[in-house]
Amino acid sequence: MNTSTLGRAGLLVLLSGQLLPLIDFSIVNVALDAMAQTFNASPIQLELIVAIYGIAFAVCLAMGGRFGDNFGRRRVFLAGVWLFALASLLCGIAGSVWVLLVARMLQGAGAALIVPQILATLHVTLSGQRHARAIGLYGGIGGLAFIIGQVLGGFLVGADIGGYGWRSVFLINLPVCLIILLTAHRFVPNTRNERPVAIDLQGTLLLGGAVGCMMLALALGPILHWSWPCILLLALFPLLLHRLRQVELKLEMQHGAPLLPPSLLRLPSVRFAISLAVLFFSCWSGFMFAVALTLQSGLGLNSFQSGNAFIALGASYFIGAQLSTRMVERFGKRATLLWGCGIQMVGLAVLMATFYRSWPAIGILTLAPATILIGFGQSFIVSTFYRIGLADVPAHHAGSGSAMLSTVQQASLGLGPMLLGSVFSQVLLRHDYRAAILATLAVEGVIMLLLIARTAFSRRSFQSHRATIIPPVCGE
């Protein structure tokens, strides 16, 4: 395995690549209305424009990690950037909603090739303080990308640069892709496993089917009023997941190379990171969805004004992500995570008080105190997620481990708007927007309390258990 040290320039290239797929999760949201006018698109088609990207991303992530392990992480990273650039161009010139849907699916597949290589490369090329700082930057950029997407998307659509309108939210990716393609060969080391491992085709299909069924059902269920196809898709999810577990266990017992090694799931740190992802990232994406909807539909702000309301949150998030490395070094991962949860809880309480007392005279400055606290809290939580999840993962499982965490993260991000969005819409049917956002924030607060309880009673998850990993199987 080539483990050449990653320099600052290489780290910058990788983090630039990380921005591409994550920004595209949120940048499209503010362009949906303009897309609907261009294509006369139905609500289902608009929902699919958002959902199909996330589904393709989540479904292909694990395979993207395995490709990087086998064929070289820099090589697969660059292939992903090429595919993402081509798909972005197709999105920008799409003449129909169906072409746009296919291009969005290709974008998601390209993103799935990019993301696992970044985390795996950081894991195998850096150590000590440099590794900790890089993981802090990774977490900071990851969260900041959602905020950048909201602000940048609103600006591009409103500015209508060159008359491209909503198409510019996709075309803006092209110069970034070009810079990455021109610099990655020089600055990013090409790491890979010493011996290639067989592709777990059955595990890949089962994982893709399970994640696809869940995310597609949750995306279309509310629009289709939970008709029987949506219920069937949702029912298939646990069945496919159970079959996936059986297949992966059998393959590992036969000394094969499972796509998601069950030995990783036996690590308390990995299991805790997965529960953290489900609880936190679903809340995070649900929070962004509900607040943006409240600002635009409830308070009448345009897309640019709504995006600017998240600037304070994004700035505090980025600053907090840099401070998180010192927090972890001084207090440990568990204490840092509890601090993050506590700060976010205070921020949620301040935000609820702001909406309750100041409605409807709410603007960027009114929201700033609450969103600054929320941003700081979120940054500590996200940075510890990656540190905890990868703490006991050995180098030969770097691709599989990072892909596993990223898959759960992306699926949870897709889950949030459906779960908290359903709370928001149900309250809105009976009351007004203020009541809906207050109820949604209260539910998020309860989920955060569950995360605090889970952290408080999980000391074992923060201790090293790397010795319990099954040794590399044949071919690894």
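Tyr53 and Phe57 both belong to helix H3 (residues 43-71) and sit four residues apart, about one turn of the helix. Helices here are DSSP runs of H or I with at least four residues, and strands are runs of E with at least two, numbered from the N terminus. Tyr53 has a relative accessible area of 0% and is buried; Phe57, at 0% relative accessibility, is buried as well. Buried means under 20% relative accessible area, exposed over 50%, and partly exposed in between, with a 1.4 Å probe and protein chains only.

The model is predicted: local features need pLDDT of at least 70, side-chain atom pairs count only at pLDDT 80 or more, and totals for chains, interfaces and linings use all residues. Residues are numbered from 1 along each chain as its sequence is written, and side-chain values use heavy atoms, with hydrogens and water left out.

## Other aromatic contacts

Rings of Phe, Tyr and Trp (its six-membered ring) pair if their centres lie within 6.5 Å; planes under 30 degrees apart count as stacked, over 60 as edge-to-face and the rest as tilted. By this rule there are eleven aromatic pairs. In one of them, the ring centres of Tyr53 and Phe57 are 6.0 Å apart with planes at 65°, so this pair is edge-to-face.

Phe355 and Trp359 form a tilted pair, with 6.2 Å from centre to centre and 55° between the planes. Phe355 is buried, at 0% relative accessibility. One aromatic cluster is made up of Phe280, Phe281, Trp284, Tyr317 and Phe385.

## Packing of H9 and H10

The axes of helix H9 (residues 201-220) and helix H10 (residues 228-253) come within 8 Å and cross at roughly 155°. Axes are lines fitted to C-alpha atoms, for helices over the stretch in contact, and angles run from 0 to 180 degrees between N-to-C directions. H9 and H10 are therefore roughly antiparallel (over 145 degrees; under 35 is roughly parallel, 65 to 115 roughly perpendicular, the rest oblique).

Residues of H9 that meet H10 include Leu206, Ala210, Cys213 and Leu220, and those on the H10 side include Leu233, Phe237, Arg243 and Glu248; contact means heavy atoms within 4.5 Å. By class, this contact has 18 nonpolar, three polar and two charged residues (Ala, Val, Leu, Ile, Met, Phe, Trp, Tyr, Cys and Pro are nonpolar, Asp, Glu, Lys and Arg charged, and the others, Gly among them, polar).

## Ala9 and Phe304

Ala9 lies in helix H1 (residues 8-27) and is partly exposed, with a relative accessible area of 32%. Its C-alpha atom is separated by 33 Å from that of Phe304, 295 residues apart along the chain.
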